[in-house]
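Hi everyone, thanks for making time.

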Amino acid sequence: MTAGLVIDSVSPARGPSTGGIKVAVRGRRFESDFRVAFAGVDATQVSLTSEEELSVTLPPSLGKLGLVEVKVRRPDGKEAARSDLFSYYPGQLSFGTPRTFAVDSKPSRLALGDLNGDSKLDLVVVSRTAGSLSLLSGKGDGSFDPFRRVSVSGTPTALLLSEVTSDQALDVMVACDGGGASVWLFAGKGDGTLLSARSLVSAQAATMAGGDYNGDGKYDLAVPYFAFAANGIGFLNGRGDGTFMNNGSQNLPSGSFGISSADFNADGKADLAVTLYDDSTVGIMLSQGSKFGSPRLVSAGAGPHGVVAADFNGDSKADLVVSDPDGGALRVLLGKGDGTFQPAVMLPTGGSTPQPVVAVDLNLDGLLDLITVNVGSTGTVTVMLGKGAGQFAPPQQIIAPGTHSDVLAADVNGDRLPDLLLPVSSGAMVSVLLNTLR
């Protein structure tokens with residue numbers, strides 16, 4: 001390294017393998033006519049901002065990912081280099097041809113978890129009209145064994161997987177609607193099979209959430225329910241042995257199709273966000289320790305459906321993204337950290353009737369991306385890549401034949417890249433799209 005010539009930092013510290021973004025290289029003793037290379041590839045545009053900064057257009061990585069060498073070179077050949085300041089991440093989002101796996105007819109909801117203790121993700125599929133679960137053991141390579149059918153009494157609508165019986169085996173909870181609806185617990189045996197169902201509560205529900213809501217270290221349930229006289233949300237406190245005690249309920253101004261949990265007011269307790277379809281709002285229910293406060297209503301477009309809570313702008317405050325089926329859009333509500341939110345920003349999906357919404361880092365750039373399926377459009381799943389600061393790129397349509405009512409993102413083949421799983425609601429199969437980032 002040339003004496004006095006130093007690289008101190010590179011900002012941003014990560015960039016796409018396709019290049020093209022502006023990068024600031026900061027250090028000392030910089031001059032005009034310097035050359036800058038990333039992973040041995042010279043940048044085509046380099047300008048001197050000051051003696052301490054060079055502005056560079058990032059070149060493509062030519063296949064190299066992760067930490068790479070950054071080198072600055074003077075016209076006389078003297079140079080400085082650092083290999084600990086900048087990383088390439090895959091810049092081209094792509095998925096393989098859908099692979100399909102048979103399940104019971106007209107699947108509608110999905111969940112993933114290790115049901116048989118082999119450290120591979122297994123698949124649980126709700127078939128609403130068939131009144132069943134399909135259990136598929138994962139092989140760890142993106143494929144699944146043939147399904148085993150489990151009957152459900154009622155019309156199943158929603159799934160949760162968690163260990164609630166203190167036996168270290170994953171259990172399955174199923175919400176139902178229709179006549180005689182209940183929330184059912186199918187306790188797991190740890191070998192991929194389930195015990196007979198046990199009713200936890202009689203309720204007609206389309207969604208539910210789980211977590212430790214009273215701080216006792218045990219898994220609790222929050223179940224928004226539909227009722228002819230009054231919609232509401234009921235709370236079940238887990239005892240840790242697979243049984244639950246009723247912790248009361250609250251009325252809601254509308255039925256709900258989506259619920260998510262996060263700490264919205266920075267008090268260290270899990271709060272709830274509940275979509276209120278007929279009220280065009282999201283109800284924010286702040287934890288009071290053993291109970292939740294009355295919902296504070298936040299405008300969220302006509303007919304809000306799905307909701308996901310996460311920090312989308314990097315300020316360590318929980319934000320919301322809500323699907324707006326009637327508006328054909330997702331809506332981003334940035335949290336203020338006190339239980340309130342900025343006005344919603346609308347993101348058109350390019351399709352019809354988006355309902356489920358998922359947040360995950362699909363391209364490993366450290367930013368959360370959004371995924372939704374437009375249930376009124378066939379053949380695609382919509383992805384919006386995160387740009388940081390709560391902003392997202394225009395929607396990309398990923399080819400996925402059939403109609404879909406749900407989507408999951410998880411690594412099912414062990415390459416650390418989130419893959420996509422979708423129920424083909426018009427048939428009897430689940431599609432798996434393996435992430436082939438490059």
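Let me start with a question: how many bridges join S13 to S14? There are 4 of them, and the two strands run antiparallel. Before I go on, a word on what you're looking at: this is a predicted model, where local features need pLDDT of at least 70 and side-chain atom pairs count only at pLDDT 80 or more, while totals for chains, interfaces and linings use all residues. Residues are numbered from 1 along each chain as its sequence is written, and side-chain values use heavy atoms, with hydrogens and water left out.

When I say strand, I mean a DSSP run of E with at least two residues, numbered from the N terminus. Two strands pair if DSSP finds at least two bridges between them.

Okay, back to S13. It belongs to an open sheet of 4 strands, in the order S11-S12-S13-S14, paired antiparallel. At the edges sit S11, residues 107–113, and S14, residues 148–151, and each of those pairs on one side only. Neighbouring strands in this sheet are turned by 25° against each other on average, ignoring direction; that angle is taken between axes, which are lines fitted to C-alpha atoms, on a scale from 0 to 180 degrees between N-to-C directions.

Now look at the other neighbour of S13. Strand S12, residues 122–127, is joined by 5 bridges to S13, residues 132–136, and these two also run antiparallel.

Asp324 is buried, with a relative accessible area of 1%. Which residues does Asp324 touch, leaving aside its neighbours within four places in sequence? Gly301, Ala302, Ala329, Arg331 and Pro354 are in contact with it, contact being heavy atoms within 4.5 Å.

On to charges. Side chains of opposite charge can pair when their charged atoms come close. I'm calling it a salt bridge when a side-chain nitrogen of Lys or Arg is within 4 Å of a carboxyl oxygen of Asp or Glu, and by that rule the count is 12. Glu69, Lys71, Arg73 and Glu79 form a linked network of them. Within it, Lys71 and Glu69 meet at 3.7 Å, N to O; Lys71 counts as buried at 17%, whereas Glu69 is partly exposed at 32%. Elsewhere, Asp76 pairs with Arg74, with the closest N and O atoms 2.6 Å apart.

On a 1 Å grid over the protein atoms alone, a cavity is a set of points where a 1.4 Å probe fits but cannot get out, and a pocket is an open set with protein on both sides within 12 Å along at least five of seven lines; lining residues have an atom within 4 Å of a point. The largest pocket holds about 860 Å³, a volume being the space filled by probe spheres set on the points, which are joined across faces, edges and corners. It has 35 lining residues, and the closest to its centre are Leu159, Thr207, Met208, Ile259 and Asp406. Both S11 and S27 are among the strands that each supply at least two residues of that lining.

There's also 1 cavity of 30 Å³ or more. The largest cavity has a volume of about 40 Å³, and its lining includes Tyr213, Phe235 and Phe292.

Methods:
Buried means under 20% relative accessible area, exposed over 50%, partly exposed in between (1.4 Å probe, protein chains only).
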